[in-house]
Structures are given as structure tokens and as C-alpha cells.
Amino acid sequence: LKKAEMAAQTAASDAARGEARATHTEAQLGSLTRDHEALQSRCGVAEAAQRSAEAALAREREGRGAAAAASASLRGELTSVRRAERDAVAQAGETSARAHDMERRAAEAEHENAALVVQLRAVTDARLKAEAQ
């Protein structure tokens, strides 16, 4: 009987320890479950942040591509403007040379005119003298 009582007490003690362990394990499981849920939440936030960063990177790449295209376009326009400027300078030089040539011809024509006027006066004077005689 004493052995049975001792065995019963040992069994009750083991059961109490097992129940305490089970309670402790359940508490640990609850804590681990909360930790797991918190980690899942943090992973969700991190994944959203990563998607946002990837989208920002894609927008930046698009921006760089657009900037490169705009830069190339501006370089092309600048080349075109420089070419037009060179052409305008060359044309201005040609126009200036033509203007100088015209001024020279005008001066020559004026000189010839003056010589013709002198000759005309001489001829007119000679005719008037001849008529007077």
C-alpha cells in the first residue's frame, strides 16, 4: 500500500511536472508564434520597401534615359546652330566683299562720270566758240 501511495505520489508529481512543462511549452509556443507573426509583418514591410526602391530605381533609370536622349538632342541642335552660324559668317563675308566691290565700281563710275562731264563741257565750250566765230 505504501509502495502504491509512493507510486501514486510520484505519478502525481510527474503529472504536475509534465503539466508545468506543457504550460511552459505552450507559453513558449505562443511567444514563438507572436515572434513569427512579427517577423512576417516585418518581412512584408521590407518587401514593400524593396518594391518601392525597385520602382524608384526604374524611374531613375527612365529619367537618366530621358536625360541622355534630351542631351543628345541638344547636342544635335547645338551642332546645327554652330553650322548655321558658320554659314551665316561665311555669307556675311561674301556679302561684305560684294558690297566693297559695288562701292569700288560706284567710285569708278563716279570718276568716269566726272571725266565725261569735263569732256562734255570742253566739247560744249568748243562748239559754242565755233558757233560764235
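Which side chain meets that of Glu 60 in a salt bridge? The partner is Arg 64, with 2.4 Å from N to O, where a salt bridge is a side-chain nitrogen of Lys or Arg within 4 Å of a carboxyl oxygen of Asp or Glu. This is a predicted model, in which local features need pLDDT of at least 70, side-chain atom pairs count only at pLDDT 80 or more, and totals for chains, interfaces and linings use all residues. Residues are numbered from 1 along each chain as its sequence is written, and side-chain values use heavy atoms, with hydrogens and water left out.

Returning to the pair from the opening, Glu 60 and Arg 64 both lie in helix 1, four residues apart, about one turn of the helix, and Glu 60 is partly exposed at 41% relative accessibility.

Further along, Asp 101 forms a salt bridge with Arg 104, the closest N and O atoms being 2.4 Å apart, while Arg 104 also meets Glu 108 in a salt bridge of 2.8 Å, N to O. Salt bridges that share partners join Asp 101, Arg 104, Arg 105 and Glu 108 into one network.

Key:
Helices (H or I, at least four residues) and strands (E, at least two) are DSSP runs, numbered from the N terminus. Buried means under 20% relative accessible area, exposed over 50%, partly exposed in between (1.4 Å probe, protein chains only).
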